[in-house]
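Subject: Structure for you to look at

Hello,

Please find below the structure that I promised to pass on to you, and please keep it open while you read my notes.

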Amino acid sequence: MLNNNLPPVWKESDRLAALHSYRVLDTPPEPAFDNLVQLAARTCQTPIALISLIDEHRQWFKAETGLGLRETSLDRSICLGAMLLPGLTIVPDLQEDPRFACNPLVGGEPHLRFYAGAVLRTPDGVPLGALCVLDYVPRDLTDEQASTLTMLSRQAMSVFELRRALAERDERLEAARQIERRQTLLVRELHHRVKNTLATVQALVGATGRSSGSFDEFYRSFSDRISSLAKTHNLLTEDYWQTAPLRQIALNELKPFAESRQPRFMLIGPSVELSADLAVPVGMALHELTTNAIRYGALSTPAGYVRLQWHLGETDDGRQLRLEWREFGGPPVGQPQHRGFGSTLLQRVLPMQCNAKVEVEYHAEGLRFRMQVPLVKQRLVPAY
Amino acid sequence: MITLAGSKRLVLILEDEALIALDLQDELQDAGHEVAGPFTACSAALDWLQTATPDTAILDATLNDGSCHSVAVELSRRGVPFLIYSGHQEDKQLLADFHHITWIEKPIPPAVLVQECQQLLVACG
């Protein structure tokens, strides 16, 4: 009955992928499979019956009766040979068959002599293993026993199919639940940010109002601040409202000067992503610095330029961002006459909001602003 | 205990959004009050409360270091009236054990918030 010349129509890697898709290896015994091997042993009147699955380096038994093992190495597997053959494989005497005589379970304990195995095949025809019966004496099966063993193997396969369908359904449900959880987090985060943004805008109205001399001045400053805030939010939205790249935040403010023939600004520093809690105040700070430079500083004259430089460093308190805004070539700088919103933002909001250490120096050759701020790594909504 | 003469009162601000806190501070100061803080974390407010007591307080419901519950408990113990200024309806659950809380939804004009504060002070003498 054995035929070694049949070429397989599948690749071993595909066969292993199919086997693993049933998610059955190393699961505990289950009555549905235990009953099938007991029925097989009873029908064929053998002391041993197995549902054997051929894994990469072992054969593993989903169910067994009479053997007392859950798995063996492949060199001990008789099913490995049977699996490669179509239908039912019967070996009346293993000791007499050259392919199995040297199998340790045949030559040594427990001296197996008889084997009959019906291949377990997926609907696509890929063999996974066999439902087999074994005995310690040479013998044969009746036609009725043989056909029953084949039917039982198909029954085992349909239970495997069923459990795979259940596992796939559970995985889909779990994926759907994860999406739902993420959605809830996003909506909550969105709600939080919108409320906070509105409250921030309201505070901006108050602060801009207090530092403006006229309605026109108020309107211009306030509109500029809102559009700067909007640009930072654009960057955050690209990452689900989580982080924004520092370089991009700076470019948002300085972009109008990018086209000039002479370079008006330099951005020097490594790529760094700022969390929303940091991106918004840093964006506002860069906006105030740029506005100030355009009105009074280096960007008010054609020869002036700004150098924005940043470094990342590790301290005992974690990762720190050190940032320096320095103006060159502008008109001589003196101490400002009054504290406007810009200086409030730099000197009070940044320390309060971000635990930043800030220094503002009005050097004659140009304003210098330095900030050292801890980088907190926190995402409220997990990244994809 | 710090008490101030006349209508000038000491208002504690606990709010982790610096811009909002500073705007509120300006508004309260414009209305003639003194401000304790603004504190951005409960721990900082509790430190301050070790040596002083405000006449009233404005608390954000959720701070960087968690819910304002601990500060609310301490203020209640001293009979200091306070109001919660929050953007989150769901924060109410965190403070469910306070029955007579004045709850104000963010955002509202700071002037209205200052009025609410003054009403609290009047109601409590």
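Which elements of chain A each supply at least two residues of the lining of the second largest pocket? They are α5, α6 (215–238), α8 (276–295), α9 (341–354) and β12 (357–363), where helices (H or I, at least four residues) and strands (E, at least two) are DSSP runs, numbered from the N terminus.

The model is predicted, so local features need pLDDT of at least 70 and side-chain atom pairs count only at pLDDT 80 or more, while totals for chains, interfaces and linings use all residues. Residues are numbered from 1 along each chain as written, chains are lettered from A and ligands numbered from 1 in the order written, and side-chain values use heavy atoms, without hydrogens and water.

On a 1 Å grid over the protein atoms alone, a pocket is an open set of points with protein on both sides within 12 Å along at least five of seven lines, a cavity is a set where a 1.4 Å probe fits but cannot get out, and lining residues have an atom within 4 Å of a point. The second largest pocket holds about 860 Å³, a volume being the space filled by probe spheres set on points joined across faces, edges and corners. Among its 32 lining residues, those closest to the centre are A:Asn292, A:Arg295, A:Tyr296, A:Gly340 and A:Gly342, and α8(A) gives the largest share, 7 residues.

Best wishes
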